[in-house]
Structures are given as structure tokens and as C-alpha cells.
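Hi,

Here is the structure I promised to pass on to you.

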Amino acid sequence: MMKFSEIKKSFLVSLWFMFLTFPIMVIRVNTTERLIVWRWENMLYIGIGSFFLSFLWRYLMRRKERGGKPSEAYEYEGHDFFQKIKSDRRYSIPLLIAGVLIVTFFPFVMDTYQTNIMITALMYVVLGLGLNIVVGLAGLLDLGYVAFYAVGAYTYGLLNYHFDLGFWTVLPIGALIATFFGIILGFPVLRLRGDYLAIVTLGFGEIIRLILENWNEFSMGPSGIAQIARPSFFGIQMSLTDSIIYLYFLMIGLVVFTIFVVNRLQDSRIGRAWIALREDDVACQAMGIDKTRTKLTAFALGATWAGIIGVIFAAKTTFINPASFTFLESAMILAIVVLGGMGSIVGVAIAALVLILLPEYLRAFSEYRMLIFGAIMVIMMVFRPQGIIANIRRTYKFKPDDNA
Amino acid sequence: MKKNIMKKMLATSIASCFLLLMLTGVSTASDTIKVGIAGAHSGDLASYGLPIVKAARLVVEEVNAKGGILGKKVEVIAEDDVCKPEVATNTATKLVTQGVTVVVGHVCSGATKAALDIYKDAKIVVMSASATNPDLTQSGKYPNFFRTIASDDAQAKLEVDFTLNTLKAKKIAVLHDKGDYGKGLAEYAKGFVEKSGKAEVVFFEGVTPGAVDYSAVVKKIKKSGADAVIFGGYHPEASKIVSQMRKDKMKTFFISGDGVKDDTFIKVAGKYAEGVYATGPKDTSANPMDIAARAAYKKAYGEDVGVFSINGYAATQALLNAIQKAGSTSYDAIVKALQTDLVDTPLGKIKFDERGDGVGVGFSVYQVKDGKYVELKN
Amino acid sequence: MEYFTELFLGGLTRGSIYALIALGYTMVYGIIGLINFAHGENYMIGAFTALIVASVLTVIGLNEFAILVLAAIVAAVYSSAYGYTVEKIAYKPLRHAPRLSPLISAIGMSIFLQNYVLLAQTSDFLPFPNLIPDMEFWEPYSHYLRFTELVILLTTTIIMVMLTLLIKYTKIGKSMRATAQDRSMAMLVGVNVDRVISVTFIIGSALAAVGGVLIASHIGQINFFIGFIAGIKAFTAAVLGGVGSIPGAVLGSFILGLTESFATGYVSSDYEDVFAFALLVLILIFRPAGLLGRSTTQKV
């Protein structure tokens with residue numbers, strides 16, 4: 001009996017999807033030639049596909065519900081596979097050693113192309129961790145993070161073009177200027193909450209991009225800046241392969257450094273203030289935390305990382321133009337943070353690697369890759385809204401002693 | 001028991017990670033001549049990139065049917081860069097790693113600039129069928145770059161000359177789409193008009209691509225009293241602006257570049273496209289090779305050639321011919337052959353100057369007449 | 001003065017398109033507190049469906065007016081169906097999830113829908129037939145406002161009046177307001193919250209589809225990406241007016257449309273969007289909850 005109702009349900013779902021996709025999947029119009037192509041076979045595929053997928057969907061849904069109510073999710077997550085690996089030394093140490101080995105030998109085993117895309121992925125790890133400070137820890141939804149990234153990239157591009165400054169000189173300058181922009185953005189949005197903040201940061205990101213696009217005298221407009229110098233190694237110019245390997249280790253170093261800093265920040269006074277701000281800003285203020293300063297430091301520190309990566313981005317691609325800094329880029333970085341699990345360092349790192357490497361390896365399906373990408377984002381959120389690795393809330397629990 | 005499973009899972013996951021990395025890293029070494037084709041093969045600019053790939057494949061098939069070159073078969077490796085500079089560097093590295101001898105591409109100027117440094121390091125000759133940014137050849141920074149299309153400044157010069165001398169416009173509005181290609185073209189046009197002293201630029205502005213409508217900008221053009229509009233950009237914006245102008249009963253001349261000289265423009269703008277001028281690669285449809293190429297394309301893919309197909313066809317032919325003539329796949333020999341040997345292509349007999357621009361490749365002015373672009377003979 | 005009037009009317013037209021989309025954002029936000037990033041895609045899907053229906057009907061050979069009405073109705077129905085399905089798949093399972101999860105799900109849905117239309121139809125721009133032909137009697141005034149623009153303005157006004165009446169006086173409207181104010185309380189007094197949310201998505205999507213059909217036949221072309229920019233702008237307008245407030249969304253949309261029009265007309269279209277966003281930042285600095293937003297005092 002049970003079975004029959006299940007089939008009926010799936011049948012209805014399949015009918016619904018056949019209806020839903022009818023005009024767009026079945027009919028293809030060519031208005032220029034007044035041609036109409038009917039593709040009935042697509043309807044059949046949709047019908048059969050959705051029939052079986054709906055079983056899978058319901059099965060997964062039931063599994064998710066059995067897994068515990070979302071309100072208890074945090075507690076449940078303590079028994080999670082990833083968490084277990086993280087906490088248990090027997091697994092974490094060999095894993096760490098394996099990780100170090102892979103990381104060290106990667107550029108020598110793999111070809112230049114693999115190393116190159118790995119650099120891109122590592123850049124997004126740092127960007128994700130930087131945005132994680134703002135969104136994950138301080139709970140400020142920032143949709144214009146890419147603006148700071150652009151500031152870093154253009155700092156290096158312009159200083160290199162006009163004054164021939166080297167990568168290492170500009171790296172701290174880029175970081176500082178981005179920090180400065182972070183504070184500038186921070187001021188007007190101090191009073192804003194939640195989604196209002198989101199749209200203002202989005203607007204800020206767009207304004208920066210539009211200025212770069214329109215103000216030719218300053219930024220050379222949409223044609224961009226070309227032939228930016230790659231990073232040098234104590235003044236030695238390297239071949240392409242060497243410089244990519246060099247950049248790779250530079251990025252590994254930066255990732256380790258970032259993880260270290262973010263980790264320390266989390267446990268610091270300011271880190272706790274951010275978390276308090278995220279949880280309840282009124283209560284946070286009542287506890288005597290300076291809200292203004294806390295918010296500004298979050299913006300400024302988040303922007304600093306974006307600035308650093310911006311400089312590296314310019315050095316890596318050797319060409320920048322405003323088209324690289326669109327809203328979609330911000331959305332991508334935000335997706336990394338949320339998919340990874342807000343506030344979780346390992347999660348963000350994994351999410352960055354997956355989200356950046358996935359489209360590269362999906363090149364074989366080049367047409368479908370963005371479709372798959374979007375679907376994965378939705379499915380991931382539906383079945384694991386807390387992200388790949390949920391951040392465990394610091395809880396202090398009174399445990400009654402069993403022996404007593 | 002449970003822990004054992006965990007251990008196994010861990011071991012397998014690590015092992016499979018390694019395996020995956022190894023598999024993806026396998027490089028192929030064989031005795032074919034590899035031609036890389038890079039450009040936008042997916043996304044919204046795919047309509048510019050894919051026709052080039054298709055044309056190049058045709059040329060390669062033809063060459064292989066005749067036994068290849070230097071006794072080797074030619075192999076095509078197409079890689080997508082979605083016209084983004086940051087992706088283009090990855091694409092370029094991938095092609096270099098796969099051991100390509102020459103590259104046809106990239107499609108967009110920005111992506112090309114980002115990728116060229118990588119090819120330069122690897123000593124690979126690159127020939128684009130569509131990247132028109134003047135800097136690519138004129139700056140002298142990219143010795144490994146060639147192209148079978150003329151540059152934007154030549155195009156802008158032609159547009160301005162035509163507007164001033166043939167249309168006798170006195171007040172010119174210059175409009176662009178804020179993009180890499182469009183704004184570059186518009187700036188050259190503005191410069192040429194100002195230098196000529198024959199007319200004034202009454203208006204120089206960029207419109208936002210994809211905006212809901214352009215009514216405000218059109219009203220502003222109307223108020224400025226311009227008698228000609230020179231537009232730098234692609235056809236979607238052009239058709240919106242032209243339709244809006246014509247619906248407002250403005251008879252202002254509309255002159256644009258090769259981004260608009262696309263049949264899609266006429267299809268989308270419909271009756272409003274009538275009378276629009278656009279510069280584009282010289283009409284070579286009388287050339288027998290061109291006719292043959294078009295026919296082969298239609299036969300192989302069941303559709304008409306795309307915007308830059310013929311240029312892509314010529315680029316692939318020129319590169320393969322240069323390898324043949326050079327007798328080797330060495331960088332210097334190929335460059336020398338490209339610069340000295342005339343090659344017969346659908347674009348006519350071409351060779352390349354020391355900067356990399358095609359000699360004998362030019363633009364002419366077209367006008368939409370009865371739903372078709374017709375070349376205007378001077 | 002004439003130039004001013006032209007710009008003013010142009011801005012109003014653009015604003016009314018934004019308003020049709022912004023209403024969907026603001027209604028959804030008011031009820032479940034979600035920025036529905038995939039909402040712009042409803043506008044795009046509406047336009048595509050209308051194009052497909054219109055082409056099929058043209059081949060069959062109906063008259064223009066029948067085509068317009070049928071195309072708009074089918075577009076609204078399908079767009080609503082998509083809105084409804086998207087809510088069920090991508091947002092409903094996330095009711096109790098962390099606040100940002102539905103947002104990411106929405107961004108994913110937006111990417112998915114764009115590529116779905118791209119693959120199933122085409123990446124090229126398609127010409128959209130002019131479903132609202134110019135009328136003879138309007139010729140003398142078309143200098144200020146073309147007939148299509150007049151139709152857009154009138155349609156938007158009528159729809160907005162109807163929506164206000166619906167929210168104010170009908171049972172479902174009352175349930176919507178109740179849910180917006182306090183979801184758990186509404187549930188307690190017997191409001192079927194799931195149904196209210198579904199209805200909200202359906203109405204919002206239908207409005208966006210109407211906007212899609214109107215603007216597509218006004219400018220004459222569509223492709224899979226049109227929803228994105230229109231969506232961002234409409235969202236800006238909704239926030240400007242105070243997200244969650246229906247009159248606010250309308251006011252915000254008109255202000256945004258007019259700002260863009262005047263910025264282009266009197267300054268430069270180079271900085272059109274900069275003006276729009278700068279205005280947004282300015283207004284939010286002085287009124288952090290938007291123009292007509294409820295500035296709630298947070299309870300501790």
C-alpha cells in the first residue's frame with residue numbers, strides 16, 4: 001500500500017515537471033526564421049527523470065529529518081564524520097602528514113596547468129577565510145567583498161605600471177589601502193542591519209567597479225592594465241614554470257598564515273566580540289562592547305585579506321580589467337563561506353577547493369558546467385544548510401558526574 | 001569494528017584523492033602537431049568563439065586528408081576561456097602543458113592580453129581571428145602575436161572618414177558600451193573626429209549593457225542635435241538604441257563597427273536596422289576560396305558561417321602553412337615564414353608585418369539594405 | 001522644460017517596470033525574510049514563455065490583441081508555476097536553517113535557471129515581437145511618451161491598485177499580513193502559513209512575468225541573462241523604499257527610475273548606476289530601514 005502511494009506521488013511530480021518544462025524544453029522558436037521546433041522527446045526525458053529523482057529526493061529528505069531537528073543540529077554535528085576526524089588524534093595526525101606530503105610534492109608531480117589552477121583555488125581559500133571574518137564571525141552580510149579585491153589588484157597594477165614598483169613592495173601597500181577602503185565602507189553602514197547592509201555593500205562593490213570602468217585617466221578604463229610583473233625572487237626573474245611553482249608555495253604560505261591568524265583572532269577578545277555581535281547586537285552592546293569599533297575592525301580585517309589576494313591576482317594573471325570584479329565574484333566568495341560552514345576554517349578551505357576546482361574539471365561538460373554548479377549549490381544547501389563542516393558553537397554544559 | 005571502517009574509509013579517500021590527481025595530470029606525448037584553439041566556447045560570448053573552432057576543425061581535416069604537414073597529422077585541442085582574463089591564463093597554461101605548437105585565439109582582446117605572456121614564455125605563436133585591440137600589435141610587447149583581422153584604430157579611422165566625407169556629418173555623438181572593445185573603438189573615433197577639425201563631438205558617453213531601456217540616452221542624443229551617432233559595442237545594445245531612436249522618429253545616421261556587423265543584429269532590430277552603417281572585414285565573397293570555405297562549413301555543420309569564421313579559417317591556414325614552409329615547429333622559423341611567405345586564404349593572399357598585423361586584411365563599410373549587409377564601394 | 005518632461009516620463013516607465021519586479025522581492029522578504037535572488041529569473045522566464053506562446057499563436061494566426069492577452073496570461077501562469085516550484089525545492093526545506101543558507105540556495109537557483117534557459121533555448125538575443133502596437137490616436141503625444149510606454153504605466157498602476165486591495169481586504173491578504181508580522185502567532189490563530197508563502201511566491205512571480213512581457217515587447221529583444229540586471233535593480237528599489245513594505249517598493253522603484261533617467265539626461269550615462277547606488281547609500285544612512293520601512297525597535 002505504502003509503495004502505491006509513493007508511486008502515485010512520484011507520478012504526480014513527474015506530471016508537474018512535464019507541464020512546467022513544456023514551453024521551454026519542448027518548443028524552440030526561432031523568431032528570425034519563424035521556425036518552431038517541437039522536441040517531444042525532451043518531455044519524455046523530463047518525465048522519466050523527475051519520476052525517479054522524486055523518489056531519491058523524498059528518501060534523502062526523510063533521512064535528513066531523521067537526522068534530528070535542525071534546532072538540535074549543532075549538537076548532532078558533534079558526531080559528524082569530519083568532526084570526528086578533526087578531534088581524534090589517531091586520524092588527524094596521519095591525515096595531516098598526508099596533507100603536508102601532497103601539498104609539498106604537488107607542483108613537482110603535477111604539470112604546470114594543475115599547479116596554476118591550484119593557485120587560483122588557494123587564492124579563493126584565503127578570500128573565503130577573509131570574508132569569513134566579516135560574514136561568518138561578525139555576521140555582517142557583505143555582498144561587495146570583491147571591491148576590496150579590486151582595490152588590491154589595481155593598487156599593484158597601477159603602482160607597477162607608473163612607478164615600476166615590485167610585488168613585494170606593493171603587497172603591504174595593497175593590503176593597507178584595502179584596509180583603508182574597508183574602514184571607509186564601514187562608516188556609513190554602521191547603523192544598518194542585516195539585509196540593508198547587504199544591498200549597500202553590493203552597491204559599494206558596483207560603484208568601485210563602475211569608477212574603474214569609467215575613469216580612464218586613472219585606471220585606463222575597461223581595456224585594463226597589461227603586462228604586470230610577476231613576483232620576483234630576490235630580484236631574479238624566473239621562467240613561467242618556475243614562477244608558477246614559486247607562486248604556489250607563496251600561496252601555501254599565505255594560506256597557512258591566514259589560517260593561523262584567523263584561528264588566533266577567533267579566540268581573541270575581538271574575535272569573541274564579533275561572535276557576540278553576530279549572535280545579538282543589542283545584548284552585545286549591553287555587555288559593554290564597543291559596537292562601532294568591533295564592526296569596523298571586522299570590515300577592515302576582512303578587506304585586508306582581499307587586498308593581499310588582489311595584489312597576488314594581478315601578479316598571477318599579469319592583466320587586470322574591471323570585468324574581473326563583478327558581483328558574481330562576490331557571490332562566489334560568499335558561496336564558499338556559506339557552503340563551507342560559516343565560521344569554520346577547514347570547511348571554508350574545502351569549499352573553496354571544491355567550488356573553484358569543480359568548474360575546471362567539469363570542462364569536459366563545458367556547456368552543462370554552470371547548470372551543474374547551480375544545482376550543486378541548491379542541493380548542498382537543502383541537505384546540509386549548516387555547510388560542509390558546521391562550526392561547533394562554544395557551549396559550556398554542566399555535566400553531572402556519573403560516579404557520584 | 002566501527003573504527004576499522006572509519007580507517008578504511010580514510011585510507012580509501014586519501015588513495016582515491018591521489019589517484020584522481022594522477023589521472024588528471026597525465027600528459028600525452030605523441031607525434032602529432034597540436035593546434036590549440038582558445039576562446040569563448042560557452043557562455044554568452046560563445047557565438048563568437050564556436051564558429052572559429054568549427055572553421056579551424058575544417059581546415060585541419062582538409063590538411064589531414066592530404067596527409068598532414070611535415071609528415072605528421074594535425075590535432076586540434078579546443079579550450080574554453082569564457083573571455084575572462086583570469087580563466088584565459090589557466091586555458092593558456094593548459095594548452096602549453098599539452099604541448100601545442102601554435103594557437104588560434106583568443107577571441108576577446110582582454111583574455112588574449114592575459115594569455116599572451118604565458119605563450120611568449122613558452123615560445124608559442126598565437127594568431128587571433130577576432131582580437132582587434134590596437135595595443136596587441138602596436139605596443140610591440142607581444143612579438144608572438146599575429147592576427148587575421150584589422151585593428152580597432154583602423155576601423156575607427158574608416159568609420160570617421162566615412163561619416164565626415166561621405167555622410168558629411170557636422171555634429172557627431174560617440175557612444176560606447178563601457179566594454180573593453182567598445183570603449184576602445186569609441187575613443188579612437190572621438191580622437192579622429194577631433195583631429196580632423198571637420199566636425200565636433202557633441203556627446204561622448206557609455207551606456208550600461210543590459211540596462212532595461214535606453215530611452216534617457218536616446219533623448220539626450222536627440223537634444224544634442226547630433227546628425228550622426230558612432231557606436232562602439234556589440235549588437236544587443238546597438239539594436240536597442242537604434243530601435244529606440246527610430247521609434248522616436250530620429251533620422252540620425254548610425255555608424256558602428258564589426259561588433260554590430262552581424263546578421264543577428266538585423267534579425268533582432270528588424271525593420272529598424274535599415275540604413276544602419278557598420279564597418280566589418282572586407283567582403284571576400286567573390287574569392288573562390290571564400291566560397292569554398294562557406295560551402296564546406298554549411299555542409300559540415302548545417303549552418304551558415306559565424307562572424308569570425310572566415311578569419312578563423314584564414315588564421316588556421318596561415319599558421320599551418322607557415323609550419324609547412326618553415327619545415328619545422330621552431331618558433332623563429334614559424335615567425336619568419338609568417339612574415340615572408342604569402343599564403344592563399346579566403347581573405348585573399350596575406351602575410352604579416354613585423355608587428356603581427358595581417359597585410360592585405362582590411363575593413364570596408366557596409367549598410368543594411370533590405371535586411372542584408374551590403375558592402376559600399378567607394 | 002520639454003526635455004525635462006521627456007526624461008521624467010521615461011524615468012517613470014522604467015520605474016514602473018522595476019516596481020513590478022520589486023513587489024515580488026518585497027512580498028517574499030516581508031513574509032519569510034529571504035532575499036529571493038532567483039526572482040529576476042521569473043521575469044526572464046515570463047518573457048521567454050510569452051515569446052514562445054506568441055510565436056506559436058502567430059503561426060496559428062490569431063489577431064494581435066488575442067496574442068498579447070494569451071501570451072501574458074500563459075507567461076504569468078508559467079512564471080508562477082516556476083516560482084511555486086522553486087520555493088518548494090530550494091527554500092521550503094530551509095525554513096529553519098541558518099539565515100544565509102536560503103540566500104545561497106537562491107543564488108544557486110538563479111544560476112541554474114539561467115543556464116537551463118540558455119541550454120534549452122539559445123544564448124543569442126532573440127527578437128521579441130511588438131505585442132503592443134502603436135495607436136493612431138496617440139500619435140500627437142507620442143513625442144513625450146510612446147503608446148507602449150503608456151500601456152506599461154497604466155498596467156503597472158492598475159496592478160498595484162489591485163494588489164493593494166487584495167492585501168487589504170481579502171482573506172488571503174489578511175493572512176499574508178498576519179504571517180509577515182509574526183509567523184508563529186499567525187500559525188496559532190489558524191493561518192496556513194505554508195499556503196500563504198506559496199501564494200506569495202505565485203503572486204510575486206506573476207507580477208514579474210507581466211513586467212517581463214511588457215518590457216520585452218517595449219525594447220524588442222530578450223536573452224537568458226535579462227533577469228539578472230533587472231533583478232538587482234528591482235531589489236535595490238525595494239530596499240530603497242523599505243523592504244517588506246508594498247507602497248515602499250513602488251515608491252523606491254519610481255525614485256530609482258527617475259534618478260537614473262535624470263542622471264543620464266543631465267549628467268552622464270557613464271555614472272548612471274553610480275548615482276543610483278549612491279542615492280541608496282545616502283537614503284539608508286539617514287533612514288536605515290528605507291523610506292517607508294518599519295523601523296522596529298529591537299526587543300531584548
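Predicted model: local features only at pLDDT ≥ 70, side-chain atom pairs only at ≥ 80, totals over all residues.

**Chain A**

Let's start with chain A, which has 18 helices and 2 strands. Its length is 404 residues, and 46% of them count as buried. If you take the contacts in chain A between residues at least 6 apart in sequence, 77% of those join residues at least 24 apart.

**Where chain A meets chain C**

This contact draws on 47 residues from chain A and 53 residues from chain C. On the chain A side, at least two residues each come from helix 2 (22-26), strand 1 (27-30), helix 10 (194-214), helix 14 (281-286), helix 16 (327-340) and helix 18 (369-383). Helix 10 of chain A gives the most here, with 11 residues. Sorted by class, the side of chain A that touches chain C has 35 nonpolar, 7 polar and 5 charged residues.

**Where chain C meets chain B**

Chain C also touches chain B: 28 residues of chain C are in contact with 26 residues of chain B. Helix 1 of chain C has the largest share, 6 residues. The residues on this side of chain C divide into 11 nonpolar, 10 polar and 7 charged.

**One residue in chain C**

While you have chain C on screen, find C:Met162 in helix 5 (residues 147-169). Is C:Met162 buried or exposed? C:Met162 has 10 C-beta neighbours inside 10 Å, so it counts as exposed, the cut-off for exposed being 12 or fewer. From C:Met162 to C:Ser198 is 36 residues in sequence and 19 Å in space, C-alpha to C-alpha.

**The parallel sheet of chain B**

Chain B has an open sheet of 5 strands in the order 2-1-3-4-5, with parallel pairing. Which strands stand at the edges? They are strand 2 (74-80) and strand 5; each has a single partner strand, so one side of each is left without a neighbour in the sheet. On average, and ignoring direction, neighbouring strands in this sheet are turned by 25° against each other. Helix 3 (residues 85-97) of chain B packs on the sheet and touches strand 1 (33-39), strand 2 and strand 3 of chain B, its direction making about 160° with that of strand 2. Helix 12 of chain B lies across strand 1, strand 2, strand 3 and strand 4 of chain B, and runs at about 170° to strand 3.

Strand 4 (residues 125-128) of chain B is worth a look of its own. B:Val125 and B:Met127 point one way from this strand, B:Val126 and B:Ser128 point the other way, and all are buried. Strand 4 pairs in the parallel sense with strand 3 (residues 102-104) of chain B over 3 bridges, and B:Val102 stands opposite B:Val125.

**The antiparallel sheet of chain B**

Chain B also has an open sheet of 3 strands in the order 11-12-13, with antiparallel pairing. Its edges are strand 11 (343-345) and strand 13 (358-359) of chain B; each has a single partner strand, so one side of each lacks a neighbour in the sheet. Strand 12 (residues 348-352) and strand 13 of chain B pair over 2 bridges in the antiparallel sense, and B:Phe352 has B:Gly358 in strand 13 as its bridge partner. Helix 12 (residues 309-326) of chain B packs on this sheet too, touching strand 11 and strand 12 of chain B, and its direction makes about 155° with that of strand 11.

Over to you now.

Cheers

Methods:
Residues numbered from 1 in each chain as written. Chains lettered and ligands numbered in written order. Contact = placed C-beta atoms within 7 Å. Helix = DSSP H or I, 4+ residues; strand = E, 2+ residues; numbered from the N terminus. Nonpolar A, V, L, I, M, F, W, Y, C, P; charged D, E, K, R; others polar. Buried ≥ 20, exposed ≤ 12 C-beta atoms within 10 Å, placed from the backbone. Pairing = 2+ DSSP bridges. Axes fitted to C-alpha atoms, helices over the stretch in contact; angles between N-to-C directions.
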